[in-house]
Amino acid sequence: MLGLAVYNGYMIRGNMDTIARDLDVLCKCASCGGELKDPILLPCIHRICRQCLTGQLTQNDDVIECLQCGHVHRLGTNGAKLVQADYHVELLLECLKVDRLARREDKCGKCDDCGSDRELTSYCFECHRAMCDECFGYHVTATSLRAHKKHTRKLYDLAQMLADGVGDLKTLAGMTVPPACPHHPEKDLEQWCATCQHMVICQTCSYGFHRDHVIEDVGSEFEAKKVRLKEYAHVLEKGMERVSKLADKVSIIQDAVEVKMSTEENRLHRHHEELSSSITQDREDVFEAYSVTRKNLNEKHSKRLGQITLEMESEILGVKKRYEKVFEETKVKNDQDLARLEESQERHLNKLEREERDLEINYETLKETIAIIKNERRETTNRVSEHIDSTTSRYKNFTATVQSIDTIEQWAALSSRKNWWAHLLNIPRICSFVATIGKEVDKQFPELDDLSSVSVPKLTCHCAQKDVPIIAGGTSSTVEVGWKSTRNWEVNDISGDGRGNIVISGHRSHESHVTSCSVEGEQLHQYTRLDGQCLAPFRYCATLTNRRVATACHPCEIGVLDLMTSSYVSANIRDQMKEDWHAERGVSCLAADLANNEIYVGLMGSRDIAVFDDKLRYHRSVSLTYCGNYGPDGLAIVGDTLVVCDYYKGCAFISDLQGNLKHQLDIPMLSKASWKPSRACIDQQGCIYILWKVEFSGERAILQYCSNGHHVLSEVTVDEDGESLTTIQVDGVEKILLATSSTGKIVVYEQIHNV
């Protein structure tokens, strides 16, 4: 059976099967999915049965959602009453129905007149009914149905006519009756109401409900609307090419995301296995190292007892009591050493267990992060894919509509029927709806470009650091400062001058000083200052450059000293800070930020640190919220790391230069006494050194920490008079210096490498 079909946008002659495939797109309900019954055209150019439309609307609801593409349409006041049938699709549905009847596909259906199961033999295009032979005879002879006679045809005649090529689908369309006005059945639909969404009305309606609306004549507007519709079709065809490319891009990005996430998961798993293996090896190394040390201690103890026994054998009778006493003291000393060793071993093992737990938690967190990223990427690509599917579906409906309208136009051109244009009454509404499809086609998705770029944090593990210089208590030397004992100076602080020399600051009575000397103790320069207003003018120092030293003196003096010329520039901290200064405050410590040429001054009785530039201009205050009310006693700065000693709180902290806490350092485990941090310094490797004191007992110890502070690398007990410490470079070798307060000694510690 001949008809018209569409191929690559051009109208060609085709068969009824091709027409049926197009009708499958046009005549499918967007709600129930079945063949349309009394079809309604929605703004998204999908169609819905009138019964399905009524079922979705409530009494006070004028909103309907297209279940095929998801678009929501507001029908407006009395919208459901103004919705009009899609006459174009009604025509196609009737032609398809008659074609099936003519080909005897529905010959066993019920007669639309009498309801019997007799064979269907005819069809009336006026009342749209299929009839049996008995009802056909009545239909063409009854006086009341006289007007129906010319519209009633035998199905056999229709089939023979179409099979012989005498007619085609155009002939079927020519037999149909133009739609009449639903409110005035005797009137033809000849006008469009632009105010009511291009509703088709009759002339009588234009004088009634639509009298104040914008009315357009169907015949005069048809050509302009048809040209505009074809222009829309051409623009959308170009837009769909971009949509097709977007779909390909989404597919490529989805594949790239999956590959990237799979690679990251594999890398994360391998890294986790490596770190777990490293922790296991570290644990074995700890057991082995402590086992060897325990064995050496026992051998040393046995050897020592053996030596004592040999020495005492000749005098065993006279010195038995002495022997027993020495034996007991040696045994107690050995027990203490073993207890300290076991305690240190247990502490290291506990840290390794904590690190292993933290690693597992970090690993699980990163796995969850990867899963979240995958879901977010998948949601984005799914959203774009849904947009593409929705746009493609609307475009297919639009294209099928345009093609079918062109078909009807060609039929109409060959027909002599007066009201041929009544089947094309939906063109203005389609033109008004198609602009929304253009917006959907042109919609951009810039977020797609970033989907394939995935950044997953790496696993972190604070395992025991190797290849880091550590200090050993047995590797040290002492420098005697000759001028110290003769002048009776007290040492408050120590620093280096950047050239391998030592800078010391201190006080006596009402005087304070800054002195530089060589590593052998020879005095190079000295600057003294009389501070008559203070009984104990404690002075602190920190190196700025190879010749300039920042210094601060209690209660409120800050200055910069040139070691070569002994020129000194000072400023009053109280005058600089103004309203930020309080009467009970005073200088308690000092540090220099070499990277930013800034001087950090710790203030007694305050949690704030005053920050000055190297011109002694006050910049800002840094609040240490984690400190106690007495303020810091020691500061050290390298890069963005700020180390703070809070003596009265008994804690040492690591923070950034803005005062944000990063970590609290472990206290010494040398004894169960109450240890308090006094001073701090940082070496070139980033290792942190804290001088700890036991109040009233005089015990002192230097603890060396790794750069993040999570591990204690070494512990060294020091002179009970130790007051301050720093690091200097001597002949390319970094050394740790401990200055005593009153004995005039500087203890120099060598560094060894932890292997």
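Trainee: Let's start with Tyr527: buried or exposed?

Mentor: Tyr527 is buried, with a relative accessible area of 17%. The cut-offs are under 20% relative accessible area for buried, over 50% for exposed and partly exposed in between, with a 1.4 Å probe and protein chains only. Before we go on, this is a predicted model, where local features need pLDDT of at least 70, side-chain atom pairs count only at pLDDT 80 or more, and totals for chains, interfaces and linings use all residues. Residues are numbered from 1 along each chain as its sequence is written, and side-chain values use heavy atoms, with hydrogens and water left out.

Trainee: OK. How many aromatic pairs are there?

Mentor: Six. Rings of Phe, Tyr and Trp (its six-membered ring) pair if their centres lie within 6.5 Å; planes under 30 degrees apart count as stacked, over 60 as edge-to-face and the rest as tilted. Tyr527 and Tyr568 make a tilted pair, at 4.9 Å centre to centre with 35° between the planes. That pair links distant parts of the chain, with Tyr527 in strand 17 (residues 523–530) and Tyr568 in strand 21 (residues 568–572), 41 residues apart. Strands here are DSSP E runs of at least two residues and helices are H or I runs of at least four, numbered from the N terminus.

Trainee: And Tyr568, buried or exposed?

Mentor: Buried, at a relative accessible area of 16%. There is also a cluster in which ring pairs link Tyr630, Tyr647 and Tyr648.

Trainee: Switching topic: what does Glu94 contact, skipping neighbours within four places in sequence?

Mentor: Tyr123, Phe125, His128 and Thr176, where contact means heavy atoms within 4.5 Å. Glu94 sits in helix 4 (residues 87–102) and counts as buried because its relative accessibility is 11%.

Trainee: Which residues of helix 5 are buried?

Mentor: In helix 5 (residues 133–141) they are Cys135, Phe136 and His139. These cover an arc of only 105° around the axis, so they lie on the same side of helix 5; the arc is taken over the directions from the helix axis to the C-beta atoms. The face turned away from that buried side carries the exposed Glu134, Tyr138 and Thr141. Cover for the buried residues includes strand 7 (120–124), strand 8 (129–132) and strand 9 (152–154).

Trainee: Which residues touch the most other members in the largest nonpolar core?

Mentor: Leu229, Phe398 and Leu448, out of 33 residues. A nonpolar core is a set of buried Ala, Val, Leu, Ile, Met, Phe, Trp, Tyr and Cys residues joined through side-chain atoms within 4.5 Å. Helix 9 (218–313), helix 10 (320–414) and helix 11 (427–442) each supply at least two residues of this core, and helix 9 gives the most, with 11 residues. Apart from it lies another core of 22 residues, including Trp581 and Phe612.

Trainee: Last one: how do strand 15 and strand 16 run?

Mentor: Antiparallel, with seven bridges joining strand 15 (residues 502–508) to strand 16; two strands pair if DSSP finds at least two bridges between them. They form a hairpin with two residues between them, and Ser509 in the turn has a positive phi of about 45°. Six of the seven residues of strand 16 (residues 511–517) are buried, so strand 16 is largely enclosed by the rest of the structure.
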